[in-house]
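Could you take a walk through a protein model with me? Have a look at the sequence and the structure first, and then we will go through it step by step.

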Number of protein chains: 2
Amino acid sequence: MSTFYERFLARRSNKHSVLCVGLDPDPALLPAQFNGVNGVLSFLQLIVRATANEACAYKPNVAFFEAMGQAGWEIFTALIETIRKESPESLIVADAKRGDLGNTARFYAQTFFDTYDCDGLTVNPYMGLESLHPYDSYPDRGVFTLCLTSNPGAAQFQLRGTPPLYEEVAAAVEERQRITGNYWMVAGATRASESLTRIKKLAPSVPLLIPGIGAQGGELATVLNACGTDVLINSSRGIMYAYKETGKDIDTAANGAALKLNQEIKALVSL
Amino acid sequence: MSTFYERFLARRSNKHSVLCVGLDPDPALLPAQFNGVNGVLSFLQLIVRATANEACAYKPNVAFFEAMGQAGWEIFTALIETIRKESPESLIVADAKRGDLGNTARFYAQTFFDTYDCDGLTVNPYMGLESLHPYDSYPDRGVFTLCLTSNPGAAQFQLRGTPPLYEEVAAAVEERQRITGNYWMVAGATRASESLTRIKKLAPSVPLLIPGIGAQGGELATVLNACGTDVLINSSRGIMYAYKETGKDIDTAANGAALKLNQEIKALVSL
């Protein structure tokens, strides 16, 4: 079977898209007609259908599904089926940020790569890259290691030391990448130009997933300038809740937001 | 409602126990008669009944349940009900090592504190302690932050720098603990005397959960000498699979192993 990266390249060139649609369904933010667990699923299905032609990848955030209990995992399964049906060549990255030692990591890999058959999984490097080796026994899947995150508190440990921790993570992932080829890293757009340039220098062969992008073309230009086209640009709320800004229908607004971001990207780099 | 720490103190003094029974059910390691998802539940229920009188806490490892899909979460729920019924004063720590930024962390907190009603949750500090604040809005629950883990690769980042990263995590958790009072830290027994002494010096008000203890009394003495009695000593395989070593029935062997570890602890410290 082809690797995650090969499927990414195929989808990128077929659709001229590096857009990753984040799916973080907070029930409290959905319109009243999308009530309850089935309402959440219907809403997400609407977003998937509206973006099926624009997305290179989808990134459901597992926390939002887990919190609904067993029913949440049922709609997680149904959502994956919808994506496979509506947008069959796009990739699915489970955003679960798992991290545990070898024997346990084996079960997390089984969860997301076998049980739910996702293409990729976000993982946490705190326990060392050795703790990520079990994910490598799935050479056709992508392992997305946190490197530099976009939250305000990220600096506390990730920017600590000389060189800062995130740089050491980047260098270590690069080294591992040369053996396995299935790594990506997650680096927030909010710490853009300098840090992203540094990460690409230390880990030139590791593609990046970039969350935290705003609607601002400037920020996007900085990110793409630093990272090139081996990148997935994530937008979650900007697409899911575009209807709140525009007053249009949910699906029309989501499609419009996805198209717009894709156009902004294509104006900056050739895909 | 009482805090996690207060409930820990009550249970410790009632049962003279700081034993945490880890529940990491690998279906491939269970005897043939405990086949399938319901077999796993029956096996775990046997272990809970056999240790109900000895345990201060239970620590189910969520990865092993997740990997079974929705059915895994059903038996996770049933397991919690069994613990509440069979060992009503013992505490339940969900070992899930979650870590994500504020809005997502809120949903992880909801998952384990509301949906599954656990007493505590293990979390990952890589994204900074600010990312853990959402867990603090449950002041009656315990937040178990990874500090120094017991796996071979832990040194790569946790021992990095001067002072090493794990010491900075310990100091930061101590600072936060003085505001919230609901933190614990996870520190592996395999890096015992020196590191644990250091952690206790930097974070004197943060109790520790210690996994990775062997059957060796020596190691246990080192750990207890460094940590005192504000501690949970975890044993998973040593109890669950004690029947493989002893040739006794599963429950007799599990009860024997739990009793023995408790006696070894009580020979070293007064509870």
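Residues are numbered from 1 along each chain as its sequence is written, and chains are lettered from A and ligands numbered from 1 in the order in which they are written.

How confident is the predictor? The score to know is pLDDT, the predictor's confidence in each residue, from 0 to 100. For chain A the mean pLDDT is 95, with 97% of its residues at 70 or more. The model as a whole scores ipTM 0.96 and pTM 0.97. Keep one caution in mind for any model: where pLDDT is low, the predicted coordinates should not be read in detail.

Now place the chains side by side in your mind.

Where do the chains meet? We count two residues as in contact if their C-beta atoms, placed from the backbone, lie within 7 Å. By this rule, the contact takes 43 residues from chain A and 43 residues from chain B. On the chain A side, the elements that give two or more residues are α3 (62-66), α4 (70-86), α5 (102-115), α6 (155-158) and α7 (165-180) of chain A. The largest share, 7 residues, comes from α5(A). Because 100% of the interface residues of chain A are also interface residues in chain B, the copies meet through the same surface.

Next, look inside a chain. Helices (H or I, at least four residues) and strands (E, at least two) are DSSP runs, numbered from the N terminus, and two strands pair if DSSP finds at least two bridges between them. In chain A, a closed barrel of 8 strands runs β1-β2-β3-β4-β5-β6-β7-β8, with parallel pairing. Neighbouring strands of this sheet are turned by 30° against each other on average, direction ignored; axes here are lines fitted to C-alpha atoms, for helices over the stretch in contact, and angles run from 0 to 180 degrees between N-to-C directions. One pairing to find is that of strand β2 (residues 57-60) of chain A with strand β3 (residues 91-98) of chain A, which run parallel and are joined by 2 bridges. There, A:Tyr58 stands opposite A:Ile92 in β3(A).

Chain B also has a closed barrel of 8 strands with parallel pairing, running β1-β2-β3-β4-β5-β6-β7-β8. Let us follow part of this barrel. Strand β4 (residues 120-123) of chain B runs parallel to β5(B), joined by 4 bridges, and B:Gly120 stands opposite B:Gly142. From β5(B), 5 bridges lead on to strand β6 (residues 183-187) of chain B, again in parallel. Here B:Val143 has B:Tyr183 as its bridge partner, and B:Leu146 has B:Val186. Then β6(B) pairs with β7(B) in the parallel sense over 2 bridges, where B:Met185 is partnered with B:Leu208. Lastly, strand β7 (residues 208-210) and strand β8 (residues 231-235) of chain B pair in the parallel sense over 3 bridges.

Are these strands buried or exposed? A residue is buried if 20 or more other C-beta atoms lie within 10 Å of its own, exposed if 12 or fewer, and partly exposed in between, with C-beta atoms placed from the backbone. In strand β5 (residues 142-148) of chain B, 7 of its 7 residues are buried, and in β6(B) 5 of its 5 residues are buried. In a regular strand the side chains alternate between the two faces of the sheet. In β6(B), B:Tyr183, B:Met185 and B:Ala187 point one way, and B:Trp184 and B:Val186 the other way.Finish with B:Met185. Leaving aside its neighbours within four places in sequence, B:Met185 is in contact with residues including B:Phe144, B:Ala170 and B:Ile199.

Notes
This is a predicted model: local features need pLDDT of at least 70, side-chain atom pairs count only at pLDDT 80 or more; totals for chains, interfaces and linings use all residues.
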